[in-house]
Amino acid sequence: MTTMGRGKFKGKPTGQRRFSSAAEILAGTSAARPRSFKQKEAEYEEDIEEESEEESEEEESEDESDVKKKGHEALIEVDNPNRAKPKTLKARDLDASKTTELSRREREELEKQRAHERYMRLQEQGKTEQARKDLDRLALIRQQREEAAKKREEEKAARDAKKVDARK
């Protein structure tokens, strides 16, 4: 027995697992590669050679095949965003003057902020209904406090007068 790692199935009676070394993988003699792989690889190379010969013939027929669409695509113009490949833009191609459109949520958030700021400005100037109510309430409270202060002053003056009379 070798001291090399045997893999996951240590207790199997069918035999040890054999792992390919890096050299075997690079050389293409790895046991991990199926025998049919070489056949598939050869067929693929033949297909590539045939395609390169047929490309010159296909150039004319490709225009026609692009026009023909499968199923309902011929009847309905479909713009599937998942199907379209996103075009990558380079920094020099970007147009700095072009502004991006905001999403609905962002637009609504901006409108909400502007409305709030406008309301607060009107509130400070006292032009809103809420501000008028607040100012009326404030005036009423001031008037009540002034009356209460006058009453206290009168009571204090009356007490002082009693003290002066009591001393005499």
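Reply: One term before we start: a charged patch is made of residues with over 30% relative accessible area and no salt bridge, with like charges joined within 9 Å. Also, this is a predicted model.

Me: OK. Which residues form the positive surface patch?
Reply: Lys156, Arg159, Lys163 and Arg167 form it.

Me: Where does Arg167 lie?
Reply: Arg167 is in helix α4, which covers residues 129-167.

Me: Is Arg167 buried or exposed?
Reply: Exposed. Its relative accessibility is 73%, and the cut-off for exposed is over 50%.

Me: What about negative charge, which residues gather in a patch?
Reply: Glu41, Glu43, Glu45, Glu46, Asp47 and Glu49 gather on the surface.

Me: Which helix has Glu46?
Reply: Helix α2, residues 36-67. Glu46 counts as partly exposed, because its relative accessibility is 45% and that class runs between 20% and 50%.

Me: New topic. How many helices and strands does the chain have?
Reply: Four helices and zero strands. Along the sequence the pattern reads α-α-α-α.

Me: What span should helix α3 have?
Reply: It has 22 residues, 104-125, so at 1.5 Å a residue it should span 32 Å. Its end C-alpha atoms are 32 Å apart, which agrees.

Me: And what follows α3?
Reply: Gly126, with a positive phi near 80°.

Note on methods
Residues are numbered from 1 along each chain as its sequence is written. This is a predicted model: local features need pLDDT of at least 70, side-chain atom pairs count only at pLDDT 80 or more; totals for chains, interfaces and linings use all residues. Side-chain values use heavy atoms; hydrogens and water are left out. Helices (H or I, at least four residues) and strands (E, at least two) are DSSP runs, numbered from the N terminus. The expected span of a helix is 1.5 Å times one less than its number of residues. Patches are made of residues with over 30% relative accessible area and no salt bridge: like charges are joined within 9 Å, nonpolar side chains (Val, Leu, Ile, Met, Phe, Trp, Tyr) within 5 Å. Accessible areas come from the Shrake-Rupley method with a 1.4 Å probe; for residues, only the protein chains shown count as cover. A salt bridge is a side-chain nitrogen of Lys or Arg within 4 Å of a carboxyl oxygen of Asp or Glu. Lys and Arg count as positive and Asp and Glu as negative; His and the chain ends are not counted. The place of a charge is taken as NZ of Lys, CZ of Arg, CG of Asp or CD of Glu. Buried means under 20% relative accessible area, exposed over 50%, partly exposed in between (1.4 Å probe, protein chains only).
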